[in-house]
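Biologist: Please take a close look at how the strands pair in this model. I would also like to know what the helices around them do.

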Amino acid sequence: MTKLRLMSNNIWNRDENTPAWAERGDDCSAEARLPNLFRIYEDTLPDVIGQQECSLKMADLMMRRFAEKEMPYTMLWGKFTPIIYRTDKFEVVDAEYRLYPVNLPGREGSFNDAASKSYSLAALRVKESGKLILFASTHLWWKSGDPGKKNYQPYSAEAREYQIRMLIARVDAWQAKYNCPAIIVGDLNSGIHSLALKAAFAAGFAHAHDLAADYRDETMGVHYCHPDRYEKLPYPRKFDSSIDHILMRGMPDGAVRRFCRYAPAYYMAASDHFPVWADIEL
């Protein structure tokens, strides 16, 4: 039985400091945030990390730090949605990266800002057992489909549903080919009752939160950390409104043991999303 820790972590695409932070003596540049982002991985030791909003600059800084610390991690680069994995635990059997389309068929509007909404997908073989898993890191469109919200854009909820269906179609094909469990992690910008999550559940995926046998974190996992300022406490909202998810299909009964988030004080100025992970046994 191999124990694995599978993580999702949106690390905030912010390479340079902002005037608002500088005025308060703070720094949100990639160089300033790296130590606390990296400390998360030292504290939790994930085996696979699906990142979102990872800029090229941050990717370079992070992989240099892994090398300096002699930690056995490498990166499958996909613009803003890379996969980082332990080379002592896994070997890559197959991998691909795809950018989601800018347009939603039949609807007006652009639904991929800065070419940042994408997915990376990998078939990973566990060296200890020879078993395979499919692991995808993704980031879906971010604006609200609610007309009452400040960041409202029509058809945003439908765009997220369209994007995750694209990913699921690829996972369908890969599961047919490799006959193994599939895991989708990422910032889906969607709550549990959204169109995107309903599409995933209808396709046979279950949430790691619901599958976890030993522990389930019930927090939302997001706090305010933006170009104007950051706040030192997470939002009080609960799991149903969370937007960072771990979805699984084909996982053996009882394999998922824990669903966890990590919100240490040192991380508050590093990103607006706290890392989330699932501990599994295969």
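Modeller: Two strands count as paired if DSSP finds at least two bridges between them. Strands (E, at least two residues) and helices (H or I, at least four) are DSSP runs, numbered from the N terminus. The model is predicted, so local features need pLDDT of at least 70 and side-chain atom pairs pLDDT 80 or more, while totals for chains, interfaces and linings use all residues. Residues are numbered from 1 along each chain as its sequence is written, and side-chain values use heavy atoms, without hydrogens or water.

The part to look at is an open sheet of six strands with mixed pairing, in the order S5-S6-S7-S8-S13-S9. At its edges lie strand S5 (90-99) and strand S9 (206-207), each of which pairs on one side only. The partner of S5 is strand S6 (residues 118-126): nine bridges join the two, in the antiparallel sense. Within this pair, Asp-94 has Ala-123 of S6 standing opposite.

At the S9 end, helix H5 (residues 195-202) lies across both S9 and strand S13 (244-249), and H5 runs at about 15 degrees to S13. Axes here are lines fitted to C-alpha atoms, for helices over the stretch in contact, with angles from 0 to 180 degrees between N-to-C directions.

Asp-210 belongs to helix H6 (residues 208-211).

One of the positions to check is Arg-261, whose bridge partner in S15 is Val-276.

There is also a helix pair to look at. Helix H2 (residues 30-44) packs against helix H3 (residues 56-68) at an angle of about 50 degrees, and the two axes are 10 Å apart. In the contact (heavy atoms within 4.5 Å), H2 supplies residues including Leu-34, Leu-37, Phe-38 and Tyr-41, and among those from H3 are Met-58, Leu-61, Met-62 and Phe-66. Charged side chains named in the contact include Glu-31 and Arg-33 of H2, with Lys-57 and Arg-65 of H3 (charged: Asp, Glu, Lys and Arg).
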